[in-house]
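Good morning, and thank you for joining.

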Amino acid sequence: MSDAVITVTVKLFAIYQEVYGVNELVWEFPHGTPVQAVCDRLINEHPQLQNWRDFTRFGINLQFVSPQTILNNHDEVVLIPPVSGG
């Protein structure tokens, strides 16, 4: 097994789920990648998501984390954009 690549599950909510049409993705990243890179990749694939970049919070394995937190193999990542309603 190579340590060069990790696999993470990305759970999508709100606008991210609407744009992708699915509730989760399984992606590979280089070892040492920060969780912010998940958001960057989403925006690269769907530039209309750019408006939510600065407002999105990150979670790894059910805990909120900073955008610079390094991903580990088999992490479950959530991106939580602002939501409206009540």
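Please note at the outset that this is a predicted model. Let me begin with the largest nonpolar core, which has 22 residues; Val38, Leu42, Leu71 and Leu79 touch the most other members. Several elements contribute to this core: β1, α1 (14-20), β2, α2, β3 (57-60) and β5 (76-80) each supply at least two of its residues. The largest contribution comes from α2, with five residues. As general background, nonpolar side chains in soluble globular proteins tend to be buried together.

Leaving aside residues up to four places away in sequence, Leu42 touches Leu12, Tyr16, Tyr20, Leu25, Trp27, Leu49 and Leu79.

Is Ile43 buried or exposed? Its relative accessible area is 5%, and buried means under 20%, so Ile43 counts as buried. With residues up to four places away in sequence again excluded, the contacts of Ile43 are Leu49, Gln50 and Arg53. Ile43 and Pro30 are 13 residues apart along the chain, and 18 Å separates their C-alpha atoms.

Pro30 belongs to strand β2, residues 24-30, where the side chains alternate. Strand β2 pairs with β1, residues 5-11, in the antiparallel sense, over seven bridges. Within this pairing, Val10 has Leu25 of β2 as its bridge partner.

We come now to the aromatic residues. How many aromatic pairs does the structure hold? There are two. In one of them, the ring centres of Tyr20 and Trp27 are 6.4 Å apart and the planes stand at 70°; because angles over 60 degrees count as edge-to-face, the pair is placed in that class. In the other, Trp27 and Phe29 have ring centres 6.1 Å apart and planes at 70°, so this pair is edge-to-face as well. Tyr20 and Trp27 are both buried, and Phe29 is also buried. Through these ring pairs, Tyr20, Trp27 and Phe29 form a cluster.

Finally, I draw your attention to two arginines placed over rings. Arg41 lies over the face of Trp27, 3.9 Å from the ring centre. Arg57 lies over the face of Phe64, at 3.8 Å from the ring centre.

Thank you; I welcome your questions.

Key. Residues numbered from 1 in each chain as written. Predicted model: local features only at pLDDT ≥ 70, side-chain atom pairs only at ≥ 80, totals over all residues. Heavy atoms only, no water. Phe/Tyr/Trp six-rings, centres within 6.5 Å; stacked < 30°, edge-to-face > 60°. Buried < 20%, exposed > 50% of the residue type's maximum accessible area, 1.4 Å probe, protein only. Lys NZ or Arg CZ within 6 Å of the ring centre and 35° of its normal. Contact = heavy atoms within 4.5 Å. Helix = DSSP H or I, 4+ residues; strand = E, 2+ residues; numbered from the N terminus. Pairing = 2+ DSSP bridges. Core = buried A, V, L, I, M, F, W, Y, C linked by side-chain atoms within 4.5 Å.
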